[in-house]
Amino acid sequence: RKPADLEDGVLVSVSELSPGQLVTGIVTNVADHGIRVKLSDYVTGYVHLRQLTDVPLASVPKRLQVGSKVKCRVLHVHLKRRQLTLTAKKSLVQSDF
């Protein structure tokens with residue numbers, strides 16, 4: 001797509017995000033160790049199992065299925081690898097970072 005075709009507010013690159021920023025996305029993949037979250041057609045992030053809730057879990061909760069909407073906060077932006085590490089912990093998502 002050409003840049004002129006893009007709508008305002010659409011994430012195109014992980015470089016547009018910074019640690020501490022709140023984001024909302026859709027779960028695209030659920031694995032034993034975490035979930036993959038689609039933030040836009042161009043950007044996805046990863047939430048490790050330890051970052052899903054404030055209490056330790058043995059597996060991903062049933063409420064987090066493919067297609068579920070999830071609110072997260074950016075933990076790390078890996079520019080060279082074009083990857084995002086996210087957290088869905090309520091204590092971090094609801095607080096001021």
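Q: In which element is Val93 found?

A: Val93 belongs to helix α1, which covers residues 90-93. Bear in mind that this is a predicted model.

Q: Is Val93 buried or exposed?

A: The general idea is a cut-off: buried means under 20% relative accessible area. Val93 has a relative accessible area of 10%, so Val93 is buried.

Q: Which residues does Val93 touch, not counting those up to four places away in sequence?

A: A contact is read as heavy atoms within 4.5 Å. By that reading Val93 touches Leu22, Lys71, Cys72, Arg73, Thr87 and Ala88.

Q: How far apart are Val93 and Gly20 in sequence and in space?

A: Separation along the chain and separation in space are read as two values. Here the sequence separation is 73 residues, while the C-alpha to C-alpha separation is 8.9 Å.

Q: In what order do the elements of the protein chain run?

A: Elements are read from the N terminus on, and the order here is β-β-β-β-β-α. That gives 5 strands and 1 helix in the protein chain.

Q: How many bridges join β1 to β4, and how do these strands run?

A: Two strands pair if there are at least two bridges between them. Strand β1, residues 22-31, is joined to β4 by 5 bridges, and the two run antiparallel. Within this pairing, Thr24 has Lys71 of β4 as its bridge partner.

Q: Which residue of β5 is the bridge partner of Arg73?

A: That partner is Thr87. The pairing of β4 with β5 (residues 83-87) is antiparallel and has 5 bridges. β4 and β5 also form a hairpin, with 4 residues between them. In the turn, Arg82 has a positive phi of about 55 degrees.

Q: Where is the place of Gln51, and is Gln51 buried or exposed?

A: Gln51 sits in the loop between β3 (44-48) and β4 (69-78). Apply the cut-off again: Gln51 is at 19% relative accessibility, so Gln51 counts as buried. Leaving aside neighbours within four places in sequence, the contacts of Gln51 are Leu75, Leu86, Thr87, Ala88, Lys89 and Leu92.

Q: What can be read for the protein chain as a whole?

A: Of its 97 residues, 34% count as buried. The accessible surface comes to about 6,600 Å², and 49% of that belongs to carbon and sulfur atoms. For contacts between residues at least 6 apart in sequence, 56% join residues at least 24 apart.

How values were computed. Residues numbered from 1 in each chain as written. Predicted model: local features only at pLDDT ≥ 70, side-chain atom pairs only at ≥ 80, totals over all residues. Heavy atoms only, no water. Buried < 20%, exposed > 50% of the residue type's maximum accessible area, 1.4 Å probe, protein only. Areas by Shrake-Rupley, 256 points an atom, 1.4 Å probe, with all protein chains shown as cover.
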